[in-house]
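Work through the exercises below with the sequence and the structure side by side, and try each task before you read its solution.

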Amino acid sequence: MASEDLDDIRRAVRAVCSDFPGEYWREKDRERAYPGEFVDAITQAGFLAALIPEEYGGSGLRLDAAAVIMEEIQAAGCNGAAAHAQMYVMNTLLRYGSEDQKTAYLPAIATGELRLQAFGVSEPTSGTDTLSLRTFARKDGDDYVVNGQKIWTSRAEHSDLMVLLARTTPREEVAKKTEGLSLFLVDMRKVVGNGMTIKPIRTMMNHSTTEVFFDDMRIPASALIGEEGQGFRYILSGMNAERILIAAECIGDAKWFIEKASDYAKERQVFGRPIGQNQGVQFPIARCYAQMRAAELMVHHAAQVYDQGGNAGAEANMAKMLASEASWAAADMCVQTLGGFGFAEEYDVERKFREARLYTVAPISTNLILSYVAEHVLGLPRSY
């Protein structure tokens, strides 16, 4: 998109976010409550339907525009994690869903009548080793019967639909280990309490994450996305979109921390002068700004590669790593700049600090990204 169009999107996002100041997020954080009012507001503004084609009621925008939306939410001091899954999970449905699935669900998702917020992939015994997952969907007539468990399935309690990855062919019976996994679009309204059990997991930040149990959960065969056994291939592009969008969120967080630190350093007087006059204070802020800008360029480059239809695996992974590291560096710098006030709830720094820490670990750890770059970009021997 043209830069002026992206600027318009930034201003529109900021306008919505201005109705949700720090006190709103502090209250949600204290109560560990889901920010449903915020999610409703950005839904009604059309931001969560950005990637949905216009014929299904969305805006038909590209990933670079979606990245700008998520970046601005974070830069405004809000928390896009409450809704970001709808952006990247959407990609899988758009690319590989049937026309019946799109027609049945996309218009209602665009209006906010339905929420597609849950992505069931990780399991307690496999983690990022997706090919070792054990949740199994067995074909039974016109249904699939699902048994297993997922963990870190965030927003499951606040979603109507889930994209679920399950094995449909035992691993020992497939020619390639990437085969035998299938994707399903699960209507959670029909199975919660009827084969699906959701248990919240309390974490260091208010992330609404859960573990989900499947006990003879019966779903119709029409829930299958694409072809049976091809699910792992389908989720790869969705994972690239996820990493790019979360990288954009990290850029937004870094901008928030840098602005917070800069403003404080200009105003805070110690020994008769603003602390920002001291190089020991201003240099770390300037270094974080430079680090953020470099990562920002990588994020937008990755989005462009993705939008052009190329394999954005390397770019998406590097963008996520660089942006999360820039965000975490800015978070640490911000606490150091504010000193004791950085730990005070009313300044919002400690909340954002906890939220920013997540993204050097999730949705994929830095070590796995380095392994990917080493093998797929540099041609080094596979390490795992």
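A polar contact is a pair of N or O atoms within 3.5 Å, where, within protein, one atom must be able to donate a hydrogen and the other to accept it, and where residues adjacent in sequence count only if both atoms are side-chain atoms. The model is predicted, so local features need pLDDT of at least 70 and side-chain atom pairs count only at pLDDT 80 or more, while totals for chains, interfaces and linings use all residues. Residues are numbered from 1 along each chain as its sequence is written, and side-chain values use heavy atoms, with hydrogens and water left out.

**Exercise 1.** Describe the surroundings of Thr-210.

*Solution.* Begin with the element: Thr-210 lies in strand E7, residues 209–220, a strand being a DSSP run of E of at least two residues, numbered from the N terminus. Next, Thr-210 counts as buried because its relative accessibility is 0%, buried meaning under 20% relative accessible area with a 1.4 Å probe and protein chains only. Finally, a polar atom of the Thr-210 side chain lies 2.7 Å from the backbone oxygen of Thr-153.

Notes
Helix = DSSP H or I, 4+ residues; strand = E, 2+ residues; numbered from the N terminus. Buried < 20%, exposed > 50% of the residue type's maximum accessible area, 1.4 Å probe, protein only. Contact = heavy atoms within 4.5 Å. Lists of a residue's contacts leave out its neighbours within four places in sequence.
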